[in-house]
Amino acid sequence: MADKPKMAVCWLGGCGGCDEALVDINEDILVLAAAFDVILWPVALDYKYHHVESLEDGEIALTLINGSVRNSEHEEVGRLLRKKSKLVVAFGACACFGGTPGMANLRGKEDIFQWVYRDAPTVVNPNRNIPEPITIAHGNQLTLPEFYEQVYPLGHVIDVDYYLPGCPPPPDRIRSMGRRVMSGDLPPKGATLAPTRALCDRCERNQTKPDRLTIEDVKRIHEVEADPGKCFLAQGVVCMGPATRAGCGESCININIPCRGCFGPVGGVDDMGAKYLSAFASLIKGKTEEERKKAIDGLEDPVGYFYRFTTASSLLRKKRDTSTKA
Amino acid sequence: MGKTITINPITRLEGHGKIEIFLNDRGDVDDAYMQVTELRGFERFCLGRPAEEMPRIVPNICGVCPTPHNMASTKAVDYIYGVAPTYTAKLIRRLQVAANYVEDHYIHFFFLGGPDFVMGPDANPAERNILGVIGKVGLDIAKQVIEVRKRTRDIIKLIASKPAHPEGGLPGGVPRGIKEEERIAIMDTATFSIEFAKFALQLFKDTVLANKGYLDLVLSDTYGLKTYYMALVDDNYHQNYYEGMLRVVDPAGKEVAFFHPRDYADYIGEWVEPWTYIRLTHLRKLGWKGMVEGDNTSLYRVGPLARYNVANGMSTPLAQKEYEYMVSVLGKPAHHTLAYHWARLIEALQAAEELRQIANDPMLSGKDIRNMNFQFTGKGIGCVEACRGVLIHHYETDDKGLITKVNLIVATQHNAAPMGLSVKKAAQGFIKGGNVSEGLLNRVEMAFRAYDPCLGCATHVAAGKMPLEVTIRDREGVVLEKLTRD
């Protein structure tokens, strides 16, 4: 055991799907267990944080961190693992870009609390209780961590060596990362372990995309019986393929559903939504302002389409869409 | 002077959790709490999203049980657009649910909860995990565990793109049909899953039921909890994971409520406490009676043991036989929390049999997968039995179908207060005179592990964390000692 390099897997503000994704490498999980001494993986193993604290700095060869940073505990665990690790990989869309929960950055904490603990139809709260950082219950003190004002991608809080995007990262990308780490064949620090080009480059439907693509009427996904062989944009349906990094295996396209961007922006782009929006706007067809307006009638939710996984890493990250302050 | 014990993080469950155990002057347990310390705000950041996009967003509530969220959401969206799925679309959705039951129940038995039994509660913590289990049951069996998980998750992939984040589900249908050759291949997976389910049940019988020490533990009062139970049942009052009516039985097993899931808000209340981010569900008509069990409780449980107690039987023949055997050993209702494990394995057998039933239907590869005859209503309440219990998604929209209201009630939330009580009882039963060992602390963890809690789900409201850490404090709250395990 002592000779094997150490590995840690940890979740911060995540959903557990990235941990499942790691198990999805199937029988190769046995190869992983043979190659590494896994010293932390809360979903599967009983090691506690104090085991990590007792290690030398840099003693862990590889640490995979999934989930975003939403509270002080996430930050503390992230910093501890950074200190003890040679390589830290931001694993999955939440760690890379904040993920879907990053859309919460457009709302305040007070707005969330008001609904969850006061207004939701099933709430029974005659005492008007609300979770408190410190509570004395029957003479005993109970504490809760405090939330940050917003969701942060991991790289905004600690130094990250590599990014492996996806919601979740697909098995072949995880295997390829494992092989590269084991053989030392690694790209420059800060690289994203996926192709730099757009999903469209890999998409079979790309051949059906007309040379001059135009959209006369934006359609929502339930409104069309999508032709499984034809480019979604050519059918008037928002597909994030042109702005999204390739490497997912086109799994959503394969079930006849357009891309929503979980692999994040293509290489060299920071704000995925802004990039897409400028490209998308040029596709809208209409001679008059009114016609163009009508064309984008179906585009009801630009944030939910264009920034679904990347709000927290975008220029929108501190914007609030209500007057709540929190 | 009193002390507090903390365990952090709690392990072999989905998400983060924290348990505080307070000891009195004699070193016995005075009180114990399981706290949910995180929140993510799905109910608010989903506002403004187009309803039909919801099935693609809510799987991020939980990546361990994303299929039930995807499915409850899809059903809610059916109602919003006033449309029922076609026969084939419904078969495909049920196939996804059954495949999810098989893979998710085995993740729990082999990775999360089962190692406590297969390896033993006092086993070296470095071996009390899936790798230890592999060492014990052998590589051939391990490969079968991986195989059954892979094949059932491949079914989900076929239908919904990514097993950890399903993207399928449209109002009135599904985006992709099943090809005939795929249907044939699924039949083979079903047969494999049924054989594996029989093996897993036998392993449970050999390991747990045949071991007097374990059986005593299962039957002990320390791991018992008298509550109400809630679950979906079909027209025959049998277990159904996709649809049905909600039935509630009291601690004596008598039916006290039977209602359509759309009326959930009349029956379910959510109590707010200042020491946890989770809302504590209870039977609204009885009122909140606090964290108590027995005849005077208003708490109910959900999940495999609840389904066993609520339903009159299983929907498939082999699972029904196993259910009858469990009834002959434990009776009904069974309040033994560790019996969740047993009920879970019987359900995995039912799900495997359902896979076969569904795959045997030639209509599974039918072409009619969308009903687009929308009759917009703007309101939808979708309910399924997630592996961990009753799951309800309630959405309302404006006239463009953009979300204006979201209320979610998830399995681990129903179980949150009972889980806290189970942890407290286990702590009181095992920790005496200030003596705390790693094995005893693990027995406390076993009390919540039986529920297969999904703290990601439980904390959908904001960004959730529930670490199990044992901190020992005096009455003034000064930390005297932090107990962690080696």
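An open sheet of 3 strands has the order β6(A)-β8(B)-β9(B), and its pairing is mixed. Strands here are DSSP runs (E, at least two residues) and helices are likewise DSSP runs (H or I, at least four), numbered from the N terminus; two strands pair if DSSP finds at least two bridges between them. This is a predicted model, in which local features need pLDDT of at least 70 and side-chain atom pairs count only at pLDDT 80 or more, while totals for chains, interfaces and linings use all residues. Residues are numbered from 1 along each chain as its sequence is written, and chains are lettered from A and ligands numbered from 1 in the order in which they are written.

The edges of the sheet are β6 of chain A and β9 (280-283) of chain B, each of which pairs on one side only. Strand β6 (residues 123-124) of chain A pairs in the parallel sense with strand β8 (residues 268-271) of chain B over 2 bridges. In this pairing Val123(A) stands opposite Glu270(B). Strands β8(B) and β9(B), by contrast, run antiparallel and are joined by 4 bridges; Trp271(B) has Leu280(B) in β9(B) as its bridge partner.

The two chains also touch elsewhere. In total, 86 residues of chain B are in contact with 70 residues of chain A, where contact requires that C-beta atoms, placed from the backbone, lie within 7 Å. On the side of chain B that touches chain A, the largest share, 6 residues, comes from helix α7 (residues 139-160) of chain B. That side divides into 38 nonpolar, 19 polar and 29 charged residues. In this division Ala, Val, Leu, Ile, Met, Phe, Trp, Tyr, Cys and Pro count as nonpolar, Asp, Glu, Lys and Arg as charged, and the others, Gly among them, as polar.

Within chain B, helix α12 (residues 317-330) and helix α13 (residues 339-360) pack at an angle of about 165 degrees, with their axes 8 Å apart. Axes are lines fitted to C-alpha atoms, for helices over the stretch in contact, and angles run from 0 to 180 degrees between N-to-C directions. The two helices, α12(B) and α13(B), are therefore roughly antiparallel (an angle over 145 degrees). Residues of α12(B) including Tyr323(B) and Met326(B) meet residues of α13(B) including Trp342(B) and Ile346(B). By class, this contact has 10 nonpolar, 1 polar and 2 charged residues.

Confidence is given by pLDDT, from 0 to 100 for each residue. The mean pLDDT of chain A is 90, and 96% of its residues reach 70 or more. Over residues 320-326 of chain A, however, pLDDT stays under 50. Where pLDDT is low, the predicted coordinates should not be read in detail.

Terms used. pLDDT is the predictor's confidence in each residue, from 0 to 100. Two residues are in contact if their C-beta atoms, placed from the backbone, lie within 7 Å. Angles under 35 degrees count as roughly parallel, over 145 as roughly antiparallel, 65 to 115 as roughly perpendicular and the rest as oblique.
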